[in-house]
Amino acid sequence: MNKFDKNYVIATMENILNIASPTGYTNNVVKALETIVDDLGYPHKRDMKGNLIVTIDGHDNNYTKALSAHVDTLGLMVRSINSDGTLNFTVLGGPILNTYDGEYCSVITRDGKSYRGTVLSKSPSVHVYEDANSRKRDANNMYIRIDENVSTKDAVLDLGIGNGDIIAIDPKVEVNPSGFIKSRFLDDKISVALVLGVLKYLKDENIKPAFKTKVLFSTYEEVGHGMAHLPADVKELLSVDMGSMGLDLECTEYDVSICAKDSSGPYDYNMVSDLVNMAKANKLNYVVDIYPMYGSDTSAALRGGNDIKGALIGPGVHASHGMERCHIDGVLNTMKLISEYLSK
Ligand SMILES: [Zn+2]
């Protein structure tokens with residue numbers, strides 16, 4: 001595993017985590033990925049929906065394997081402007097809204113301006129509101145306070161802010177010397193970064209995968225239809241997305257998690273078995289888990305009617321869709337399993 005460039009993965013992760021990409025607003029981050037992939041020297045194209053598709057030549061180009069990782073994240077969208085100059089919002093994807101209370105954010109207008117703000121409860125002051133602690137944290141009971149001199153709806157409209165504008169929550173990226181990585185949206189930008197790390201490894205070591213490989217960076221995973229449509233030649237899809245942790249699940253942040261079944265049903269029996277055997281043979285820290293409330297780009301591809309074999313793996317991520325944390329060891333175990341998968 002020492003052949004993987006850890007620093008590259010972390011720098012790439014920080015780069016893309018700091019480009020706001022709530023689901024439905026992914027053009028900027030995909031542009032950044034295009035530059036990264038250009039630097040690695042692999043050909044790529046976008047499909048109509050905005051997914052980025054990278055192609056890698058294999059020893060046998062008559063069979064195509066695919067990897068996917070999603071660059072879209074959770075976020076918010078302006079639902080309406082209140083008469084006092086605050087904003088109501090609707091959620092993009094499924095955040096834990098309690099963790100959004102007090103978070104700093106950017107409101108991005110359709111004409112490209114960006115304003116700072118804060119997500120707050122509608123009972124935001126303990127000195128005034130009896131229910132400051134107890135009020136439910138949901139979209140009906142929270143709002144956005146904009147850091148501009150606006151106290152009327154018209155003043156907000158004058159800023160260029162309107163219904164349907166994107167609201168991006170600050171990711172708060174922190175890489176610790178202990179190997180822990182904390183940030184919002186590690187789901188799934190840590191996987192995007194580690195997949196790019198595998199691509200860099202293939203290039204640095206001059207390794208060709210066994211089969212033609214398409215790497216799919218998807219843009220609508222958080223709303224369920226991400227890779228619903230696959231390039232026609234794809235026969236197998238291995239989605240790389242966060243490994244769930246908690247309750248009776250075995251996964252820790254040091255592991256690569258192999259998902260046997262999630263809410264969308266069981267993954268391909270042989271592919272899962274092969275992944276388990278590869279993890280075992282390479283003495284990786286791995287677990288096999290069931291994710292009780294989860295769907296992946298592989299689920300979307302299967303539901304979309306693609307005739308493929310599909311599986312799901314990823315590094316353990318704690319407190320998903322809230323204040324997420326992973327560890328570099330889980331990242332490296334995942335990279336190793338992917339490179340094994342591509343080599344056979
Ligand atoms: Zn995800």
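## A tour of the chain, stop by stop

Of the 344 residues in the chain, 46% are buried; a residue counts as buried if 20 or more other C-beta atoms lie within 10 Å of its own, as exposed if 12 or fewer do, and as partly exposed in between, with C-beta atoms placed from the backbone. This is a predicted model, in which local features need pLDDT of at least 70 and side-chain atom pairs count only at pLDDT 80 or more, while totals for chains, interfaces and linings use all residues. Residues are numbered from 1 along each chain as its sequence is written.

**The whole chain.** Colour by secondary structure to see 7 helices and 18 strands. Helices (H or I, at least four residues) and strands (E, at least two) are DSSP runs, numbered from the N terminus.

**The two domains.** Select residues 6-73 together with 185-343 for domain 1, then 75-169 for domain 2; such bounds come from an automatic or database domain assignment. The C-alpha centres of the two domains lie 32 Å apart. Across the boundary, 11 residues of domain 1 are in contact with 11 residues of domain 2, contact being C-beta atoms, placed from the backbone, within 7 Å. Within the chain, 75% of the contacts with a separation of 6 or more join residues 24 or more positions apart.

**The core.** Next select V195, L275 and I313, the residues with the most contacts inside the largest nonpolar core, which has 93 residues. A nonpolar core is a set of buried Ala, Val, Leu, Ile, Met, Phe, Trp, Tyr and Cys residues joined through C-beta atoms within 7 Å. Helix 4 (residues 186-204) gives the most to this core, with 9 residues. Domain 1 and domain 2 each supply at least three residues to this core. Stay on L275: leaving out residues up to four places away in sequence, L275 touches I258, A311, I313, L337 and Y341.

Which order do the strands take in the open sheet of 3 strands? The order is 10-11-18, with antiparallel pairing; two strands pair if DSSP finds at least two bridges between them. Strand 10 (174-175) and strand 18 (325-327) are the edge strands, each pairing on one side only. Helix 7 (residues 328-343) packs on the sheet and touches strand 11 and strand 18, its direction making about 65° with that of strand 18. Axes are lines fitted to C-alpha atoms, for helices over the stretch in contact, and angles run from 0 to 180 degrees between N-to-C directions. Strand 10 and strand 11 share 2 bridges, and V175 has I181 in strand 11 as its bridge partner.

**K182.** Select K182 in strand 11 (residues 180-182). K182 is partly exposed, because 17 other C-beta atoms lie within 10 Å. Beyond its neighbours within four places in sequence, K182 is in contact with E174 and R325.

**G164.** Finish in the loop between helix 3 (153-159) and strand 9 (166-169), where G164 sits. Is G164 buried or exposed? G164 is exposed, because 11 other C-beta atoms lie within 10 Å. G164 is 86 residues from V78 in sequence, but their C-alpha atoms are 5.1 Å apart. Apart from neighbours within four places in sequence, G164 is in contact with M77 and V78.

Methods. Contact = placed C-beta atoms within 7 Å.
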